[in-house]
Amino acid sequence: MSLSIGILTHSTNPRGGVVHGMALAEALCDAGHDATLIAPDVTGAGFFRTPRCATNCIPAVPETDLPTLVERRIGEIRDALRGQHFDVLHAQDPISANALAELVEEGRIPGFARTVHHLDHFTHPVLAARQERGIRAAAELFTVSTMWEDVLRNDHGREAPVVGNGVDPVRFSPVETAHDATLRARYHLPADRHLILSVGGIERRKNTLQLLDAFLALRCEQPDVHLVVAGGASLLDHSAYRNRFMARLRESGAADHVTITGPVADEDMPSFYRQADLLAYPSVTEGFGLCPLEALACGTPVIVPAIAPFTEHFSATDALWCQPAHPDTLFMALRDALRVENRDHFRVSGPATARRFDWGHVASRHLPAYRCLAARSRTDAIASGVLSPCPK
Ligand SMILES: Nc1nc2c(ncn2[C@@H]2O[C@H](COP(=O)(O)OP(=O)(O)O[C@H]3O[C@H](CO)[C@@H](O)[C@H](O)[C@@H]3O)[C@@H](O)[C@H]2O)c(=O)[nH]1
Ligand SMILES: O=P(O)(O)OC[C@H]1O[C@](O)(CO)[C@@H](O)[C@@H]1O
């Protein structure tokens, strides 16, 4: 039986939880379900890419203060969904989970599903409480790696089956395109340097400062390298960490050898991976790590930390490894990744590794829980929310 499923994300930003929600919605449609991707949209421009599924954008008012933003978004999503009927509503983050929790309290929906990608450490009591409620109030929980399944069981008393992540092998492939050839000129990247790519912006969780230090050390023995930090759309305030990064970069005198792009156009992402000599992803906390999968699918060497969840889904030879507690190991991994033998190895092994991660399989892991939720879903709600299609 085909299900109508509303997948909710915290924003229309190019960010892991949104990428996951979008790919899930597409895979559910491919499997014959009627999935709609729903998010608050402050820009009015819609999602960062146009997905192969229906979308609904909820008009949202810009706000920079995080606690205020969280409360405002919860209200915006709740009000827009009030009375809309779906067999299943599925939140990908604490904000939309809290909005659905309020609809449960109002008696408008019987329950909802929630995927935990990772949890943040919030010192603000309201943010911490919202995060906890977004777990506790969900009827069905999922997560993306065994590490987080264990955290949810041990620290929150909840079972959350692992649905994992996937990668689109058509979009992310080693086959070069004409678009790749113009990337360096478009982003003012040097034509004759090895590109070390980081995706996710300048954030403590992404460990970007340690990467900068390793890059600066590498430059001392190998001056033909250039660091690119792409992405970084986030609802959170990373300015204190970013200021430290910028100060370190200024002091180093290497600012001309580092490009910070900010969020980039979606069609440029595969070109970045293919133009890069390696992806450096030394994050200290991840739910899963989509960027390493995408880079591998493009045949690009990848450096990940030797901690969970990476140790769960990659074997020793699938990636190059660093130890987050020992910054010199990142420097050595950068040096190693640039060896020609590694480039050749990853061009073959990367796509083979990536093929193990399929969005269709991810979608199918949701169906038993979705069917339980659909069986509980009510059909007598009065439509009063406002949902409008996103711009293409
Ligand atoms: N178009 C575009 N895409 C971007 C940009 N920056 C990042 N992305 C995309 O955004 C995703 C980033 O995902 P992750 O590297 O996994 O990190 P995250 O944003 O912290 O995501 C969270 O959820 C993921 C999904 O489960 C987890 O994998 C991850 O560990 C984390 O918990 C990738 O698909 C990447 O291509 C950008 O500027 N433009
Ligand atoms: O925009 P980002 O960096 O993906 O993170 C958004 C964060 O905002 C929140 O949704 C706030 O509750 C977090 O739980 C989430 O991790």
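User: How do you know how much area is buried between domain 1 and domain 2?
Analyst: This is a predicted model, and the area is computed from its atoms. Buried area is the accessible area two parts lose on being put together, summed over both. For domain 1 and domain 2 that comes to about 1700 Å², with 62% from carbon and sulfur atoms. On the domain 1 side, Arg15, Met147 and Asn165 lose the most, together 31% of what that side buries.

User: What makes residues of domain 1 and domain 2 count as in contact?
Analyst: Heavy atoms within 4.5 Å. By that test, 25 residues of domain 1 touch 19 of domain 2. The C-alpha centres of the two domains are 29 Å apart.

User: Why is the pair Asp266 and Arg49 called a salt bridge?
Analyst: The cut-off is 4 Å between a side-chain nitrogen of Lys or Arg and a carboxyl oxygen of Asp or Glu. The closest N and O atoms of Asp266 and Arg49 are 3.9 Å apart. That is within 4 Å, so the pair qualifies. Between domain 1 and domain 2 the count is two salt bridges.

User: Which domains supply the lining of the second largest pocket?
Analyst: Domain 1 (4–166 + 358–384) and domain 2 (178–354) each give at least three residues. The pocket has a volume of about 330 Å³. Of its 20 lining residues, Asn13, Val42, Leu69, Arg73 and Leu235 are closest to the centre. β2 (34–41) and α2 (66–81) each supply at least two lining residues.

User: What makes up that lining by residue class?
Analyst: Nine nonpolar, eight polar and three charged residues. Gly is counted as polar here.

Conventions. Residues are numbered from 1 along each chain as its sequence is written. Chains are lettered from A and ligands numbered from 1 in the order in which they are written. This is a predicted model: local features need pLDDT of at least 70, side-chain atom pairs count only at pLDDT 80 or more; totals for chains, interfaces and linings use all residues. Side-chain values use heavy atoms; hydrogens and water are left out. On a 1 Å grid over the protein atoms alone, a cavity is a set of points where a 1.4 Å probe fits but cannot get out, and a pocket is an open set with protein on both sides within 12 Å along at least five of seven lines; lining residues have an atom within 4 Å of a point. Grid points are joined across faces, edges and corners, and a volume is the space filled by probe spheres set on the points. Helices (H or I, at least four residues) and strands (E, at least two) are DSSP runs, numbered from the N terminus. Domain bounds come from an automatic or database domain assignment. Buried area is the accessible area (1.4 Å probe) that two parts lose on being put together, summed over both.
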